[in-house]
Protein chains: 2
Amino acid sequence: MAAVRPGPDAARRSEPARRAVLEAAFELVGEVGYPRLSIEGIARRAGVGKQTIYRWWPSKGAVLLDAVLALAQGGEGQTAALPDTGDVEADLKRVLRATAQELSDPRIEGPLRALSVEIELDPELAALYAERLDTPMKDLKRERLKSAQRTGELAQDLDLDLAIELLWGPIQNRWLMRSGPLTPGYANELVELALAGLRA
Amino acid sequence: MAAVRPGPDAARRSEPARRAVLEAAFELVGEVGYPRLSIEGIARRAGVGKQTIYRWWPSKGAVLLDAVLALAQGGEGQTAALPDTGDVEADLKRVLRATAQELSDPRIEGPLRALSVEIELDPELAALYAERLDTPMKDLKRERLKSAQRTGELAQDLDLDLAIELLWGPIQNRWLMRSGPLTPGYANELVELALAGLRA
């Protein structure tokens, strides 16, 4: 896997340029769509040279992935842990309601759909996505479910990876295939029904 | 919604041409990918005039949808009901194992991925897909779950649409995002875990 992010020193020197590139990519893909998104267009909007972009990212898909990653990290540089109040049902409902809201946000929906389509078409970008976003997110989900196993809320012999798919697969699929609205009520009911089979 | 299929009389007269077009579209998209699939290329491969295709289908996406639909219908002209042996777990495992195998078949995977991506990009094709394939399939799934409610295998107050998403959402999402292999064992475990929460 090619490095797609500058080392610590370079990053410190050029963080403003990096942020400008990611914001430009995010805005532009929402405006023109993925097929017409170009490194040239991103560079122009960000006010940097094309070479600056090519130095850090191998493709426009990789730029967009980092832009989405920056959003997921809320500018904090790392993805936040899932809430853990000791009530797994309430916590998961809160998380899935937030996911539903995020996926329905018109500002976020366009860039995320563009990235999803590109991941489906490009196995290399899919691998980068798995490494940079999907795997870290899955680790956090697994941690939260493990904690619920420790408190006895969830079954001890649960296949946690399968449980994660049962909780998040339906909402992601509904969004991808536009097969229904992502309301807070939907998120709540999905968690209730999935959890019914996962409990101790 | 534009009509995408000839009326009964026209269909009888031109069924061989229709089949040739669908087979050509299915083969070609596997060979050249969706972006390079064209009505012209389909017409050439099928040995029909371009106008014949334009008369019946509004776009290459609509042709591909019908090609996939013909596959789902196994040439019988209508989608088959789900097996109902009275054992909902065994029946669903059989269905999901077949789905896993189909989605992993290299001959089928290419055209299906091309169609999925196009559905995500094109809301009109998404509506056509919902009407022609997704809704009829969901009706069959709902019927099978209703039958299991009648025999007391599944809870009476179950939200069947949500139950369908819980059973089929994870496998569809795993396939779309290439996030894991679609093995018979995976299909079996998914059914077991999902059903655990759906039982009476």
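Let's start with how the two chains of this predicted model relate: chain B can be laid on chain A by a turn of 180° and a shift of 0.0 Å along the axis, with an RMSD of 0.0 Å. Copies here are superposed by least squares on the C-alpha atoms of residues with pLDDT of at least 70 in both. That is the relation of a two-fold axis. In chain B, the C-alpha nearest that axis belongs to B:Gly197, at 1.8 Å from it. The same surface serves both copies, since 100% of the contact residues of chain B recur in chain A; contact means that C-beta atoms, placed from the backbone, lie within 7 Å.

A quick word on conventions. Residues are numbered from 1 along each chain as its sequence is written, and chains are lettered from A and ligands numbered from 1 in the order in which they are written. Local features need pLDDT of at least 70 and side-chain atom pairs 80 or more, while totals for chains, interfaces and linings use all residues.

Now, chain A by itself. What are its elements? There are nine helices and zero strands, taken as DSSP runs numbered from the N terminus (helices H or I, at least four residues; strands E, at least two). Its C-alpha trace spans about 55 × 40 × 25 Å along the principal axes. Of the 200 residues in chain A, 32% are buried, meaning that 20 or more other C-beta atoms, placed from the backbone, lie within 10 Å of the residue's own.

Chain A is divided into domain 1 (8-72) and domain 2 (88-196), with bounds from an automatic or database domain assignment. The C-alpha centres of these domains lie 26 Å apart. Across the boundary, 14 residues of domain 1 of chain A are in contact with 15 residues of domain 2 of chain A. On the side of domain 1 that touches domain 2, helix 4 of chain A gives the most, with nine residues.

Where is its kink centred? On A:Ala130, with a kink of about 45°; the bend at a residue is the angle between axes fitted to the seven residues ending there and the seven starting there. The buried residues of helix 7 of chain A include A:Leu125, A:Leu128 and A:Tyr129. The buried residues of this helix pack against helix 4 (60-72), helix 5 (88-104), helix 6 (106-121) and helix 8 (160-176) of chain A. After helix 7 of chain A comes A:Gly152, with a positive phi near 85°.

Key
Two residues are in contact if their C-beta atoms, placed from the backbone, lie within 7 Å. A residue is buried if 20 or more other C-beta atoms lie within 10 Å of its own, exposed if 12 or fewer, and partly exposed in between; C-beta atoms are placed from the backbone.
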